[in-house]
Amino acid sequence: MLLSQIVRTDGTRAVVVRDGTEAHEVTGFDTTYALAMHCLDRGRTLAEALGQITPGRAVDLEQACREGRILPPIDHPDPAHLYVTGTGLTHLGSASTRNSMHGGGDDEAGMTDSMKMFRMGLKGGKPAQGQVGVQPEWFYKGNGESVAAPEAELLSPAFALDGGEEPEIAGLYVIGPDGTPWRLGFAVANEFSDHVTERTNYLFLAHSKLRRCAFGPELRIGPPPANIQGRSRVLRGDEVLFDAPFLSGEENMSHSFANLEHHHFKYDLFRHPGDVHVHMFGTATLSFAAGLRTEPGDVFEIEVPGFGLPLRNRLAIAPNPVADGGALRVASL
């Protein structure tokens, strides 16, 4: 079962549920957030609540995509209360990709910190149920203002050295009134990053991640498959510049989803009632690692069977906030 959000042709919003090929509006709710809060208030799962709601009008989701009327599958009424975060070095091929970017070897003496952290995950990233495993690499991407809708432009900052895709699976969560994190489900995500800045020095990782991102168009309710197989493409006009499979799911990861969730939500800051969290779980497939340098106008397309429609976004460069290209001025009060 898949959930999405659209803007109707009259400008109003709707939540859409799809089971198979048939998609219908969810009667009585205009946002996924409102539906999730309703479920928490009544002690029901999303699947239970949707099973009791009379289906509304039929929806052509592909047409909504073509017309630019599809939204991220969840947002928050106040974008400052939506956190976008992620974990890296979580997939079985991710360490070799990162290690090659930073010029490290496989021997202990030449091993990068990335490879060391990856090996920690291999040893302790999948603890027994109820146990705490090793903590992963973690990063902050932004709040709801940094989320681009499916089919919308992914704006790279004017100062960026690169704008490259990262095809991932993201977990989508709301925080209950008592501070309990509740998982709504999972979605395809593009954890868009600046890999040239990151490659310059590993300590620039935090800077490289403060970028726009996208997820959706649909949210898959329930647990994810253990073996997730998708494709990541970069298109320039009619030419396919990059087309490669990517893997996710716990069979292809050095950490369990539960361990990654624990190490995010263990912080009180991330258990504030009513907040929304979008947490990206990492990847091992990058067009940048294959030598591709993206350009404005390139389209990123990420598709995973069973997770709904493909996620597509076009790369664009944001205007420079400083007219002459100099340093940003901070005013004094």
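In this predicted model, Lys-209 and Glu-191 are joined by a salt bridge between their side chains, at 2.8 Å from N to O. The two residues come from distant parts of the chain, 18 residues apart: Lys-209 belongs to helix 7, and Glu-191 to the loop between strand 11 (181–190) and helix 6 (195–200). Across the whole structure, a search finds 21 salt bridges.

**Salt bridges of Lys-209**

- Lys-209 also forms a salt bridge with Glu-166, with 3.2 Å between the closest N and O atoms.
- This pair, too, connects distant parts of the chain, as Glu-166 lies 43 residues away in the loop between strand 9 (153–156) and strand 10 (167–175).
- Lys-209 has a relative accessible area of 3% and is therefore buried.
- Glu-191 is buried because its relative accessible area is 0%.
- Glu-166 likewise counts as buried, at 7% relative accessibility.

**Other salt bridges**

- Glu-67 pairs with Arg-69 in a salt bridge whose closest N and O atoms are 2.7 Å apart.
- Glu-67 is partly exposed, with a relative accessible area of 41%, whereas Arg-69 counts as buried at 15% relative accessibility.
- A network of salt bridges links Glu-151, Arg-231, Arg-233, Asp-243, Glu-301, Glu-303 and Arg-312.

**Nonpolar surface patch**

- Trp-138, Tyr-140 and Leu-210 make up a nonpolar patch on the surface, and together they have about 280 Å² of accessible area.
- Leu-210 is located in the loop between helix 7 (205–209) and strand 12 (213–215).
- Leu-210 counts as partly exposed because its relative accessibility is 44%, a value between the limits of 20% for buried and 50% for exposed.

How values were computed: Residues numbered from 1 in each chain as written. Predicted model: local features only at pLDDT ≥ 70, side-chain atom pairs only at ≥ 80, totals over all residues. Heavy atoms only, no water. Patch = residues over 30% accessible without salt bridge, like charges linked within 9 Å, V, L, I, M, F, W, Y side chains within 5 Å. Areas by Shrake-Rupley, 256 points an atom, 1.4 Å probe, with all protein chains shown as cover. Salt bridge = Lys/Arg side-chain N within 4 Å of Asp/Glu carboxyl O. Helix = DSSP H or I, 4+ residues; strand = E, 2+ residues; numbered from the N terminus. Buried < 20%, exposed > 50% of the residue type's maximum accessible area, 1.4 Å probe, protein only.
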